[in-house]
Amino acid sequence: MASKLTPTKSLLCWNTGGCLFAIDPALNALATPISWTPIADPSKIILSQFPAAPADGLSSSAVHAVAISTALDGTLRLRFGEHSFDVQIIGDGRASPLAAVVLLNEDTHDRLHALDRFWRSVSSNGGPPDGRITPQRRLRLRMMLQALDGRDEGATYRSIAEALFPRHTLHAGSWAVNSIRETTIRLVRDGVKLVRGGYRDLLRYSRRS
């Protein structure tokens with residue numbers, strides 16, 4: 001008999017009758033809420049109590065009012081119109097008004113961009129979309145994974161190229177000097193990097209080397 005899932009209040013996890021899970025194992029991967037740390041995800045908004053309270057400002061009560069979910073680490077997922085944001089409130093979550101905390105490191109530009117999107121969405125409900133995954137980047141990511149899957153199944157680079165670029169005629173005699181060959185090799189190489197931890201780079205804007 002399948003054990004009943006019951007959330008345990010003390011451990012904030014799901015008890016399946018002996019095994020503890022941080023996330024309800026009944027959820028599929030697409031429905032499972034994922035919360036990254038602010039270091040891993042520069043788009044995560046960090047809010048804190050303003051040290052000297054001004055006359056007005058965004059209040060913690062207003063933030064909680066629009067939260068659509070809460071992760072185990074206290075991250076609030078907020079939605080304003082078509083855009084959603086992960087917000088972490090540090091210090092006294094009941095205090096207001098709030099100030100934004102921006103970490104100063106190599107991702108500061110990304111954090112400022114995320115904060116700009118967040119405030120424009122809060123103040124006008126019409127902020128710009130998240131530009132980290134452009135249509136071109138999304139297409140290349142798909143091709144990288146397809147190329148890597150083919151290579152893992154033992155397919156040759158030429159066979160992978162024929163599947164990815166069906167409009168190109170790839171003759172065996174000219175394959176060694178064909179530019180599509182180099183493109184396919186790069187797709188496989190970058191696909192390997194992606195699944196070996198490079199997927200975390202998707203949380204940041206694309207940068208030139």
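Two strands are taken to pair if DSSP finds at least two bridges between them, and helices (H or I, at least four residues) and strands (E, at least two) are DSSP runs numbered from the N terminus. The views below show a predicted model, in which local features need pLDDT of at least 70 and side-chain atom pairs count only at pLDDT 80 or more, whereas totals for chains, interfaces and linings use all residues. Residues are numbered from 1 along each chain as its sequence is written, and side-chain values use heavy atoms, with hydrogens and water left out.

**View 1**
Strand β5 (residues 67–70) and strand β6 (residues 76–80) run antiparallel and are joined by 3 bridges. Within this pairing, Ala67 has Leu78 of β6 as its bridge partner, and Thr70 stands opposite Leu76 in β6. The two strands form a hairpin with 5 residues between them, and Gly74 in the turn has a positive phi of about 90 degrees.

**View 2**
β6 and β7 form a hairpin with 2 residues between them, where Gly81 in the turn has a positive phi of about 65 degrees. Gly81, in the loop between β6 and β7, is partly exposed, with a relative accessible area of 46%. The C-alpha atoms of Gly81 and Gly127 are separated by 8.9 Å, although these residues are 46 residues apart along the chain.

An open sheet of 5 strands has the order β5-β6-β7-β4-β8, and its pairing is mixed. Its edge strands are β5 and β8 (98–101), each of which pairs on one side only. The twist from one strand to the next averages 35 degrees, where axes are lines fitted to C-alpha atoms, for helices over the stretch in contact, and angles run from 0 to 180 degrees between N-to-C directions. Inside the sheet, strand β4 (residues 45–49) and strand β7 (residues 83–90) run parallel and are joined by 4 bridges; Ser48 has Ile90 in β7 as its bridge partner. Helix α2 (residues 108–124) lies across β4, β6, β7 and β8 and runs at about 105 degrees to β7.

The buried residues of helix α4 (residues 157–164) are Ile160, Ala161 and Leu164. Seen down the axis of α4, these buried residues fall within an arc of 100 degrees, so they line one face of the helix; the arc is that of the directions from the helix axis to the C-beta atoms. What covers them includes α3 (135–152) and α5 (179–195). Two packed helices are described by the angle between their axes and the distance between the axes. For α4 and α5 the angle is about 95 degrees, with the axes 9 Å apart. That makes α4 roughly perpendicular to α5, given that angles under 35 degrees count as roughly parallel, over 145 as roughly antiparallel, 65 to 115 as roughly perpendicular and the rest as oblique. Tyr157, Ile160, Ala161 and Leu164 in α4 meet Ile180, Thr184, Ile185, Leu187 and Val188 in α5, contact meaning heavy atoms within 4.5 Å. By class, this contact of α4 with α5 has 8 nonpolar, 1 polar and no charged residues, where Ala, Val, Leu, Ile, Met, Phe, Trp, Tyr, Cys and Pro count as nonpolar, Asp, Glu, Lys and Arg as charged, and the others, Gly among them, as polar.

**View 1. The surroundings of Met144.**
Met144 has its place in helix α3 and counts as buried, at 6% relative accessibility. Not counting residues up to four places away in sequence, Met144 touches Leu187, Asp190, Gly191 and Leu194.

Note on methods
Buried means under 20% relative accessible area, exposed over 50%, partly exposed in between (1.4 Å probe, protein chains only).
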